[in-house]
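Let's take a walk through this model, starting with the nonpolar packing and then moving on to strands and a record entry.

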Amino acid sequence: MDATNAKGNVPMYDAPMRKAAVDVNENKISAKDVQVYYGETHAIKDVSVDILDKTVTAFIGPSGCGKSTFLRCLNRMNDTIDSCRVEGLIALDGEDIYDKRVDPVQLRAKVGMVFQKPNPFPKSIYDNVAYGPRIHGLARNKAELDEIVERALRRGAIWNEVKDRLDSPGTGLSGGQQQRLCIARAVATEPEVLLMDEPCSALDPIATAQVEELIDELRENYSVVIVTHSMQQAARVSQKTAFFHLGNLVEYGETSQIFTNPVDPRTESYITGRIG
Amino acid sequence: MTDATFTGESPKRHGSLTASDARTKRRNASEKRFRIYGLAAIGAGLFFLVVLLSAIISNGIGAFQQTFIQVPVYLDPATLDKNGNRDPADLAKVSTFGYTPLIQTGLYQLVRDAGIETDYEDAGDMKALISASAAAKVRDWTLAHPDRIGDTVEFEILASSRVDGYLKGRVTRESIAEDRNIDAGHLDLTDALRESGALHKSFNAEFIFGSDASESRAEQAGLGVSMLGSFFMMLVVLFLALPIGVAASIYLEEFASQNKFTDFIEVNISNLAAVPSIVFGILGLAAFIQFAHLPQSAPIVGGLVLTLMTLPTIIISTRASLKAVPPSIRDAALGVGASKMQAVFHHVLPLAMPGILTGTIIGLAQALGETAPLLLIGMVGYIATNYPDGLVSGFMSPNSAMPAQIYEWAKRADPAYYERAWGGIIILLVFLLIMNVIAIVLRRKFERRW
Ligand SMILES: Nc1ncnc2c1ncn2[C@@H]1O[C@H](COP(=O)(O)OP(=O)(O)OP(=O)(O)O)[C@@H](O)[C@H]1O
Ligand SMILES: [Mg+2]
């Protein structure tokens with residue numbers, strides 16, 4: 001089936017309810033000709049993409065296509081993998097993040113990350129959230145820190161569940177609660193970009209809905225990039241969607257357009273469930 | 001039914017659930033056999049453990065008891081303080097030779113007062129009953145209490161090792177036939193004194209805290225000084241091997257990039273752990289004594305050698321426990337903008353702590369029991385008779401170590417030392433047991449879920 005046939009069809013998924021005026025937003029991150037190698041494996045090939053400010057961008061694509069790899073390039077988490085090599089240009093607010101002078105620690109304070117598997121520290125719930133603000137010196141005293149923690153937990157949609165047991169270990173929460181705790185931890189440092197690698201894969205529909213609501217709120221101030229395997233989720237929360245396939249960025253555009261009217265036949269096959 | 005045609009005969013391929021078929025029976029029988037082998041192996045292990053422990057205890061427990069004689073000694077001013085002015089300098093001039101006759105006379109008096117019949121006419125004839133160390137003990141006490149000169153003071157004096165052996169069954173009337181140190185009359189006397197209550201066996205703290213003695217005074221020898229030697233060596237090992245080992249492991253595990261060079265280091269560390277300890281001994285002899293001119297037989301050298309030996313153990317166990325910390329914890333810390341060092345010190349290290357501590361204590365326990373390298377740096381064979389007089393001399397002056405002392409005792413001709421060697425083993429094992437318990441407690445305490 002070729003792409004033109006899909007044109008004019010009824011939407012395959014609920015059209016995004018919130019279509020912001022994406023075009024007026026400026027670029028937050030722009031990647032140009034990015035190549036990523038794991039040793040000999042060429043995991044990301046020639047990817048160029050502009051990620052907008054105050055926008056949710058979804059990365060979709062079959063397993064192993066390089067979504068996580070590319071996401072981890074955006075805050076240099078790939079530095080921790082010895083065999084990983086990144087080429088090309090990735091700029092945050094016009095500054096090359098792979099420049100020699102850039103300290104990845106400062107970068108990661110600006111570009112926060114939520115991982116696929118919930119990974120709270122084996123410390124109290126409070127300490128989990130307070131850790132980032134503490135090491136970045138965001139609070140001058142205990143009261144301010146308390147305030148930051150509460151705000152972050154509220155934004156993580158978990159405050160009501162944990163407000164009475166902030167001292168109990170974060171690892172004692174359920175999987176979904178842990179993931180929301182991790183989201184709270186990530187927003188507590190006030191990043192400008194939030195990268196989320198399949199944040200809802202361990203969550204039930206209710207928690208998923210809460211996280212999606214949160215993502216929508218975050219969009220007011222941040223640029224959010226979310227990797228997801230759920231087409232519905234991508235359609236619901238994102239304004240821009242990027243489809244990856246075998247390390248290539250096949251198609252990138254308005255979410256509504258990708259889901260209703262994909263240009264590339266591979267995109268269409270994927271979102272209709274024929275490749276994956 | 002396809003099933004029926006497939007099996008040929010009955011539509012029911014599987015028989016009743018309550019009757020097991022031949023194949024299941026065979027399988028169950030082999031499982032049962034395997035369980036029996038396992039039980040037998042554990043049983044054999046336990047049996048040997050019990051044999052070992054009971055041998056050690058039955059051979060060594062005697063060393064903790066020693067025979068004493070309650071002797072009233074008249075501190076005769078005529079020999080001890082000729083000038084009569086109690087001047088400490090004058091008192092100190094009287095050597096142990098001055099005290100020996102006083103003690104012998106005291107014993108003679110004791111025998112006479114108790115109404116014991118004996119052929120010995122002279123006080124000196126009974127000296128075989130008393131340890132040669134008695135004079136020094138009385139002298140030390142007298143120098144500390146000069147005002148008591150002229151009084152008769154009752155001393156609890158060590159019996160000689162022959163008398164002690166007689167009470168413990170090691171020395172018999174047959175075995176002393178050739179012995180020039182003691183004869184049957186002395187044993188009669190021992191029996192009589194025992195009946196009178198003046199001679200008795202009691203707990204001997206000197207064995208644990210005392211110093212080693214010359215070959216002929218087994219009754220006096222104790223493990224205390226060499227215990228201090230071991231203690232100072234363990235201090236050196238702890239304060240060198242732990243920080244160096246942990247720092248090296250953290251660097252290798254968390255910071256070093258994976259390449260040929262780090263692989264090479266890794267292989268070599270694993271190999272070092274398997275190097276015989278005597279190799280470290282000769283290395284220590286060459287490097288620390290012959291090259292660096294550190295004193296021979298000194299705990300500092302022993303500690304350095306044992307540090308070399310313990311490092312691989314600590315590094316291997318530390319790296320293993322760092323590896324066991326899930327990488328997601330590091331990602332989490334880096335993800336909120338922690339530096340690599342913050343991630344390691346705030347999150348990874350605390351989680352790895354129980355493993356590191358366990359490894360360290362096991363390494364220390366190994367080092368504590370190590371004897372071979374001490375041979376080469378002169379700690380084995382050194383007679384540890386003097387307590388170190390301070391921290392510096394504790395590290396720098398010659399000493400022995402517990403296992404070296406035990407080896408030394410086992411080597412000596414006098415059978416009385418044999419018992420002390422076993423007794424030393426008991427003390428060493430108690431230390432190892434304590435260290436292992438500490439390791440377990442620490443692990444329990446620091447263990448956390450993640
Ligand atoms: N640490 C690594 N070392 C070597 N190869 C890796 C590593 N991580 C990922 N890869 C390879 O890179 C490619 C892309 O992996 P990536 O994890 O980015 O996929 P993904 O799109 O996130 O998949 P999924 O949806 O299953 O999470 C895969 O072929 C994978 O085998
Ligand atoms: Mg992934």
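## Cores and strands

The largest nonpolar core has 54 residues, and B:Leu374 and B:Ile427 have the most contacts inside it. A core here is a set of buried Ala, Val, Leu, Ile, Met, Phe, Trp, Tyr and Cys residues joined through side-chain atoms within 4.5 Å; buried means under 20% relative accessible area (1.4 Å probe, protein chains only). In chain B, α9 (205-209), α10 (224-255), α12 (277-291), α13 (299-323), α15 (340-369), α18 (402-411) and α19 (415-446) each supply at least two residues of this core. Helices are DSSP runs of H or I, at least four residues, and strands are E runs of at least two, numbered from the N terminus.

This is a predicted model: local features need pLDDT of at least 70, side-chain atom pairs count only at pLDDT 80 or more, and totals for chains, interfaces and linings use all residues. Residues are numbered from 1 along each chain as written, chains are lettered from A and ligands numbered from 1 in written order, and side-chain values use heavy atoms, without hydrogens or water.

Leaving aside residues up to four places away in sequence, B:Leu374 touches B:Met233, B:Gly302, B:Met379, B:Val380, B:Ala401 and B:Ala404 (contact: heavy atoms within 4.5 Å). A second, separate core has 49 residues, including A:Val49 and A:Leu107.

Now for β1 (residues 65-74) of chain B and its antiparallel pairings (at least two DSSP bridges make a pair):

| Partner of β1(B) | Bridges |
|---|---|
| β3(B), residues 199-203 | five bridges |
| β2(B), residues 152-158 | seven bridges |

B:Thr67 sits opposite B:Lys201 in β3(B), while B:Phe68 faces B:Leu158 in β2(B).

Notes:
Buried < 20%, exposed > 50% of the residue type's maximum accessible area, 1.4 Å probe, protein only.
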